[in-house]
Amino acid sequence: MKKPELFTRDGTLESLSTMFYKDNCSVVDIQDAVEESSTGTDLAGRLNALKLFSKFQIDRETPEYVRLITVDCWGNTHYLKAWK
């Protein structure tokens with residue numbers, strides 16, 4: 001997979017660096033997890049293994065992309081979309 005995009009439920013793009021705190025993870029770790037994944041289940045598992053603020057679940061998987069969903073501790077919904 002490639003081109004990970006993180007955005008809110010109203011479509012506002014967010015930086016991948018908002019998914020972790022300090023040295024717990026890096027944007028490169030997230031990009032590596034996306035590039036090494038081949039399915040939505042694989043992607044969610046790899047991201048959930050990282051030290052991120054919240055856990056991801058599959059929201060939608062099509063032949064073109066995978067969209068994962070997460071809800072942060074304040075109840076805000078975020079989506080991560082990766083293209084196949």
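Tutor: Two strands count as paired if DSSP finds at least two bridges between them, where strands (E, at least two residues) and helices (H or I, at least four) are DSSP runs numbered from the N terminus. In this predicted model, local features need pLDDT of at least 70 and side-chain atom pairs pLDDT 80 or more, while totals for chains, interfaces and linings use all residues. Residues are numbered from 1 along each chain as its sequence is written, and side-chain values use heavy atoms, without hydrogens and water.

Student: What makes S1 and S5 a strand pair?

Tutor: Strand S1 (residues 2-8) and strand S5 (residues 77-83) share five bridges, and the rule asks for at least two, so they pair. The sense is antiparallel. One of the residues involved is Thr-8, whose bridge partner in S5 is His-78.

Student: Which elements does the chain have, and how do they follow one another?

Tutor: The chain has two helices and five strands, running β-β-α-α-β-β-β from the N terminus. The five strands form an open sheet in the order S2-S1-S5-S4-S3, with antiparallel pairing.

Student: What makes S2 and S3 edge strands?

Tutor: Strand S2 (13-14) and strand S3 (57-61) each pair on one side only.

Student: Why is Leu-52 called buried?

Tutor: Its relative accessibility is 12%, and buried means under 20% (exposed is over 50%, partly exposed in between; 1.4 Å probe, protein chains only), so Leu-52 qualifies. Leu-52 sits in the loop between helix H2 (40-49) and S3. Across the chain, buried residues make up 37% of the 84 residues.

Student: Which residues does Leu-52 touch, beyond its neighbours within four places in sequence?

Tutor: With contact meaning heavy atoms within 4.5 Å, Leu-52 meets Met-19, Phe-20, Cys-25, Ile-30 and Leu-47. Cys-25 is 27 residues from Leu-52 along the chain, yet their C-alpha atoms are 7.1 Å apart. For the whole chain, 42% of the contacts with a separation of 6 or more join residues 24 or more positions apart.

Student: How do you know that the radius of gyration agrees with a compact globule?

Tutor: The rule, over C-alpha atoms, is 2.2 Å times the number of residues to the power 0.38. For 84 residues that gives a value near 12 Å; the chain has 12 Å, so the two agree. Along the principal axes, the C-alpha atoms fill a box of roughly 30 × 25 × 20 Å.

Student: How much of the accessible surface belongs to carbon and sulfur atoms?

Tutor: By the Shrake-Rupley method with a 1.4 Å probe, the surface comes to about 5200 Å², and 49% of that belongs to carbon and sulfur.
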